[in-house]
Amino acid sequence: MIPYIDIHTHNSQVFEDVISVRNCDDDVVPEKWCSIGIHPWSSIQVSSDADFIDNSMKQLATKCVLPQVLFIGETGLDSKRGAEMNIQKDLFLRHVNLSEQLGKPMVIHCVKAIEEIVTIHKQQQPSQLWVMHGYRKNVTLASQILQQGIELSFGKYYDAEAMKKAYEANALWLETDMSGESIVDVYQTASEVLSVSLEELKLNIYQRAVRLSSAFRWE
Ligand SMILES: [Zn+2]
């Protein structure tokens with residue numbers, strides 16, 4: 001049986017036949033698969049002084065080494081919320097370093113800062129995968145991101161052409177984020193948009209997930 005994979009969710013519920021990567025939103029690290037980082041929205045709280053950022057990152061690093069932590073993040077850039085952009089970039093780069101040190105991929109939150117993320121990726125040339133989550137922008141921007149080797153995750157709202165582009169590039173992930181939707185419904189709708197069978201879509205995502213981490217292997 002091939003499981004559904006919810007690559008990014010804030011929902012702590014456990015669902016049958018679903019592997020969820022739950023974003024850790026408090027101090028308690030979940031026992032099961034999760035992602036941990038400092039959200040750009042929280043950059044205001046950690047940006048007060050350099051020592052505080054150092055300490056926050058040290059604390060984060062001790063959690064991120066845990067085997068259930070599959071992704072570093074969500075982290076990223078948000079030009080509408082959080083600290084000013086240079087502080088957000090500093091914080092984001094620290095996450096990039098952590099991701100490279102630990103050999104774990106990143107899940108990225110990006111609002112009106114796609115060019116900046118692509119530029120940083122070009123400069124850093126990370127060995128780890130970056131997944132931009134909740135992608136809602138158009139296919140032209142999607143092509144630029146995909147060409148850079150950054151993959152895209154789609155949730156409730158998205159541009160159908162962008163989704164098709166990501167699937168063609170073998171770089172599509174699906175998520176529920178904060179929508180409260182069922183990942184099964186997200187897959188179902190995506191399979192219709194992509195004109196592929198549900199099984200084909202499940203297999204595509206599952207195989208890439210297992211390549212990313214053996215934690216996704218369904219027993
Ligand atoms: Zn999220």
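Modeller: The largest nonpolar core has 50 residues, and Met 132 and Leu 152 have the most contacts inside it. Such a core is a set of buried Ala, Val, Leu, Ile, Met, Phe, Trp, Tyr and Cys residues joined through C-beta atoms within 7 Å. Strand β4 (residues 69-78) gives the most to this core, with five residues.

The model is predicted: local features need pLDDT of at least 70, side-chain atom pairs count only at pLDDT 80 or more, and totals for chains, interfaces and linings use all residues. Residues are numbered from 1 along each chain as its sequence is written.

Helices (H or I, at least four residues) and strands (E, at least two) are DSSP runs, numbered from the N terminus. A residue is buried if 20 or more other C-beta atoms lie within 10 Å of its own, exposed if 12 or fewer, and partly exposed in between; the C-beta atoms are placed from the backbone. Contact means that two C-beta atoms, placed from the backbone, lie within 7 Å.

Start with Leu 152. Not counting residues up to four places away in sequence, Leu 152 touches Met 132, Tyr 135, Ala 142, Ile 145, Leu 146, Ala 166, Ala 171, Leu 172 and Trp 173. In strand β7 (residues 151-154), Leu 152 and Phe 154 point one way. Glu 151 and Ser 153 point the other way, and all four are buried.

β7 has partners. Strand β6 (residues 130-132) pairs with β7 in the parallel sense over two bridges; strands pair if DSSP finds at least two bridges between them. Met 132 stands opposite Leu 152. Three bridges join β7 to strand β8 (residues 172-174), and these two run parallel. There, Ser 153 has Trp 173 as its bridge partner.

β6, helix α5 (residues 139-147) and β7 make a right-handed β-α-β unit. β7, helix α6 (residues 160-168) and β8 make a right-handed unit too. Right-handed means that, with the strands pointing away from the viewer, the path from the first strand over the helix to the second runs clockwise.

Now β4. Phe 71 is found in this strand. Phe 71 counts as buried because it has 29 C-beta neighbours inside 10 Å. Leaving aside neighbours within four places in sequence, Phe 71 is in contact with Val 21, Ser 35, Lys 104, Pro 105, Met 106 and Val 107.
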